[in-house]
Amino acid sequence: MAKVAVSPLPDLSNSSFSTATSSRPLSASQQAGVTILVLAFLLGFPGNLFVVWSVLCRVRHRSVTCLLVLNLAVADALVLLSAPLFLRLLAGGQGWEFGTGMCKSVHYLCCVNMYVSIYLICLMSLDRWLAVIRPFLSQKLRKKSTLYIIMLGIWIMAFLMALPMPFYRSNMQPYLKKNISIYLCNPYHWNSVNHEIFQYLMETLLGFLIPFTFIVLCYGAVICRLRGAMFHGRVKGSLLILLIIMAFAVFWLPYHVINILQVIGLLQGRSHLYIVAQSTRPNVTAFAFFSSSVNPVLYVFAGGPHIRRAGLGFMARLFEGTNSDRSSISGRRSTIHTSSSVLTRMSVRGMSRKKSCVEMEQTMGAKPNCTEELKTLTTMP
């Protein structure tokens, strides 16, 4: 473990979860952090495992939305495994006891989860946009092999974009002058303002502003189309994804606002905004952590009507109800059926006209001009 002495101590309050010595009781902010982490773990970890089980074992026809929800649940379950470590940090009062490797790895995993979540939601939004605005193009592009390649690309991209996080974390011993041997897993930017600006600006641009703008544009177009025409098979899926988007925005927006305030404070020479951002960061980080546990709760509310009928399989019913693949196929089948009906009626009408022409020829001995009418019927688009 690195023994990095920091004097003065700028990053102590900037730790994701600040700690206290064992002789002191937990402060109000630490008690709030413990409460958030306990709720997040108890609700989120079994909830996400239940989502994974439902998709893998109970869903027969896995749509694009269903597979994306599965990946989102896996990412959330993985990051919630770090909750016991942070609970020990807060409640134990002994600082970070798990070494430098865990210090970097846990925060790296949390950052990967942020990127995976937002870009999976981007893919959900793009799928909704294609299903509603370009349904035939959607059917050409929506293949399981293509989807697996895209999801693998999202995971690889998330792991690459989160690489700055372990470089900017260090297991430091900030109380050397007070003879207190407590290590803290704090942000450490090598005493460089440029490195600090780079990290927080990169997180906010790539992890929120750019992808969220894309999501808003996609759903703006979808909502406009749904207001003009009812796509009954796709409304449920759109509403479910809208809930996921809103939850992500609610829990992650404060974190990125603090990032922006800290960057502005750094550009102003560590102004008052910088101090406010540092003091607030532990709270908004804990709040963002809760985003990994809220999605299963949303699924329970969205799948409420299915609980009485399906029991533990209610989530499978919910995901099958959002199957845009089947709704698009049924729409194509109805179009084909309608076209076939029109052609059948035209053929019957043409046969009746031909029969009447033959009868007129036999009774009247005349040859009415039926050829042109039959040509017109058979060549009609």
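The tour goes from confidence to a helix pair and then to the cavities.

This is a predicted model, where local features need pLDDT of at least 70 and side-chain atom pairs count only at pLDDT 80 or more, while totals for chains, interfaces and linings use all residues. Numbering starts from 1 along each chain as its sequence is written, and side-chain values use heavy atoms, with hydrogens and water left out.

**Stop one: colour by pLDDT.** That score is the predictor's confidence in each residue, from 0 to 100. The chain averages 77, and 72% of its residues reach 70 or more. Select residues 1-22: pLDDT stays under 50 there, and the model has 67 contacts (heavy atoms within 4.5 Å) beyond four places in sequence for this stretch. Now pick 324-351, where pLDDT is also below 50 and the model has 22 contacts beyond near neighbours in sequence.

**Stop two: α1 and α2.** Select 28-58 for α1 and 64-80 for α2; helices here are DSSP runs (H or I, at least four residues), numbered from the N terminus. Their axes, lines fitted to C-alpha atoms over the stretch in contact, come within 9 Å and cross at roughly 145°, on a scale from 0 to 180 degrees between N-to-C directions. Show side chains for the contact: α1 brings residues including F41, F45 and V52, and α2 brings residues including V69, L70 and L80. By class, this contact has 14 nonpolar, two polar and one charged residues.

**Stop three: the largest cavity.** A cavity is a set of points on a 1 Å grid over the protein atoms alone where a 1.4 Å probe fits but cannot get out. The whole structure has four of 30 Å³ or more. The space inside is about 300 Å³. Helix α4 gives the most to this lining, with five residues.

**Last stop: the second largest cavity.** About 80 Å³ of space lies here. Select D76, S117, F248, S291 and N295, the closest to its centre of the 13 lining residues. Helices α2, α4, α9 and α11 each supply at least two residues of the lining.

Conventions
On a 1 Å grid over the protein atoms alone, a cavity is a set of points where a 1.4 Å probe fits but cannot get out, and a pocket is an open set with protein on both sides within 12 Å along at least five of seven lines; lining residues have an atom within 4 Å of a point. Grid points are joined across faces, edges and corners, and a volume is the space filled by probe spheres set on the points. Ala, Val, Leu, Ile, Met, Phe, Trp, Tyr, Cys and Pro count as nonpolar, Asp, Glu, Lys and Arg as charged, and the others, Gly among them, as polar.
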